[in-house]
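Visitor: I have a structure to go through with you. Can we take it piece by piece?

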Amino acid sequence: MKDFLTLQDISLSNKRVLIREDFNVPITDGFVQNDMRIKAALSGIKEILDKNAQIILMSHLGRPSVGDKTHTLLPVAKRLEELLDVQVDFMPTWPPTLSDNKVILLENVRLLEGELENSDALAKEMASLCDVFVFDAFACAHRAHASTVGVIKYAHTSVAGPLLVQELQMLDKIMHSANHPLIVVIGGAKVSSKIDVLRSLYQIADVLIMGGGMANTLLAAQQYNVGMSLYEPNCLNLAKELIAEIAQSGCELVLPQDVITNTGLNKMLVDLDSTDKICDIGPKTIDLFNSKFTQAETILWNGPMGIFEDKKFANGTNALAKTIAKSQGFTVAGGGETIAAIEELGLDNDFSYISTGGGAFLEYIEGKKLPSVVALTEKMRGI
Ligand code: ADP
Ligand code: MG
């Protein structure tokens, strides 16, 4: 059974269509620094424009307090105009005085009273702007705000946009019908923040590779001396349980064997002392991890292998990105820092799919229901 309506289910001609996008992009001195999220939204916007509808776009930007005008979406309007080659009218005030222009961008929804609280009053005001509401901000689907949930309920018609549909299809494919061997690589800072993701993934993966700060906690649980490294002493039991669960499941767990310390030394785990701080995986570990990818039909990657923001400690993450990019299998990556690392290397077009979601990507993989998707389903069923 269908979970929600999409653009294919409705008529858009001469309709006023409000689209919730994720235009939360980095802006410096009034210019958009990275337009990946705007580009990801373009095909959906063009599809709706081609159906002869008027488009009103809305998004959040950053985490401003209500009314703080420094977080304006005006630079996004300018960039969007260049990318679409269509005039974009920007509406700085709320409620907006809508023009007849084909494409309109509203000001940052987080400047509005009631957005974060998912207030009914604001959601109704938003809904009253349109005939059809399209939710296409996958990266915001895990937040229950007025522009991501409330408006879905109050709009006359609410549907899922093409980017949302594509994201859910890709992630469903990985989680439910991936070709095997499926190799999952997880890194990042803390095991506690991704424990539910790990528990969900070892059940579907043939091999689970773990690096980054989170691996330190598992290594400490295996009695290695992780010294001054980032690790979570209060999660040692959890780490032991996890190692046992994975062994029971039949999934192969692969952990680092050697590391790069803060002084730049390459050390085997047994040689670490109490003053060492693990900052990256070492060359033997890179070879070990790479060897696991040769037969992979599917690879899912989330989380850097080291403190990659510092070039000295980016080797492991970069090596991994390059190997996955070369794989013949179906390759998917997601997560804020992971995507930043891939983009920095210019490898974004070498992956089969890069998710636009950070938190939403992880929550969906955990098996959690995304509030915006739930709201779309309830809308369709008339709940
Ligand atoms: P993502 O956003 O891709 O899901 P996370 O937010 O989980 O990734 O983790 C990214 C952070 O993990 C990076 O800022 C990186 O510096 C940090 N990190 C990775 N390895 C280590 C390590 N060994 N020690 C400290 N921090 C680490
Ligand atoms: Mg992150």
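Visitor: Start with H3 and H4. At what angle do their axes cross?
Guide: The axes of helix H3 (residues 120–127) and helix H4 (residues 146–154) cross at roughly 70° and come within 8 Å. Axes here are lines fitted to C-alpha atoms, for helices over the stretch in contact, with angles from 0 to 180 degrees between N-to-C directions. Helices are DSSP runs (H or I, at least four residues) and strands likewise (E, at least two), numbered from the N terminus.
Visitor: What does that make H3 relative to H4?
Guide: The angle makes H3 roughly perpendicular to H4. Angles of 65 to 115 degrees count as roughly perpendicular, under 35 as roughly parallel, over 145 as roughly antiparallel and the rest as oblique.
Visitor: Which residues in H3 and H4 meet?
Guide: Asp120, Leu122, Ala123, Lys124, Met126 and Ala127 in H3 meet Ala146, Ser147, Gly150, Val151 and Tyr154 in H4, where contact means heavy atoms within 4.5 Å. These residues divide into 7 nonpolar, 2 polar and 2 charged. Ala, Val, Leu, Ile, Met, Phe, Trp, Tyr, Cys and Pro count as nonpolar, Asp, Glu, Lys and Arg as charged, and the others, Gly among them, as polar.
Visitor: Before going on, where does the model come from?
Guide: This is a predicted model, in which local features need pLDDT of at least 70 and side-chain atom pairs count only at pLDDT 80 or more, while totals for chains, interfaces and linings use all residues. Residues are numbered from 1 along each chain as its sequence is written, chains are lettered from A and ligands numbered from 1 in the order in which they are written, and side-chain values use heavy atoms, leaving out hydrogens and water.
Visitor: Now the ligand. How many residues surround ligand 1?
Guide: There are 18 residues around ligand 1, and the closest are Lys194, Asn302, Glu309, Glu337 and Thr338. A residue counts as near if one of its heavy atoms lies within 4 Å.
Visitor: How far is an oxygen atom of ligand 1 from the polar side-chain atom of Thr338?
Guide: That distance is 2.5 Å for Thr338. An N or O atom in the side chain of Glu337 is 2.6 Å from an oxygen atom of ligand 1.

Terms used: A polar contact is a pair of N or O atoms within 3.5 Å; within protein, one must be able to donate a hydrogen and the other to accept it, and residues adjacent in sequence count only if both atoms are side-chain atoms.
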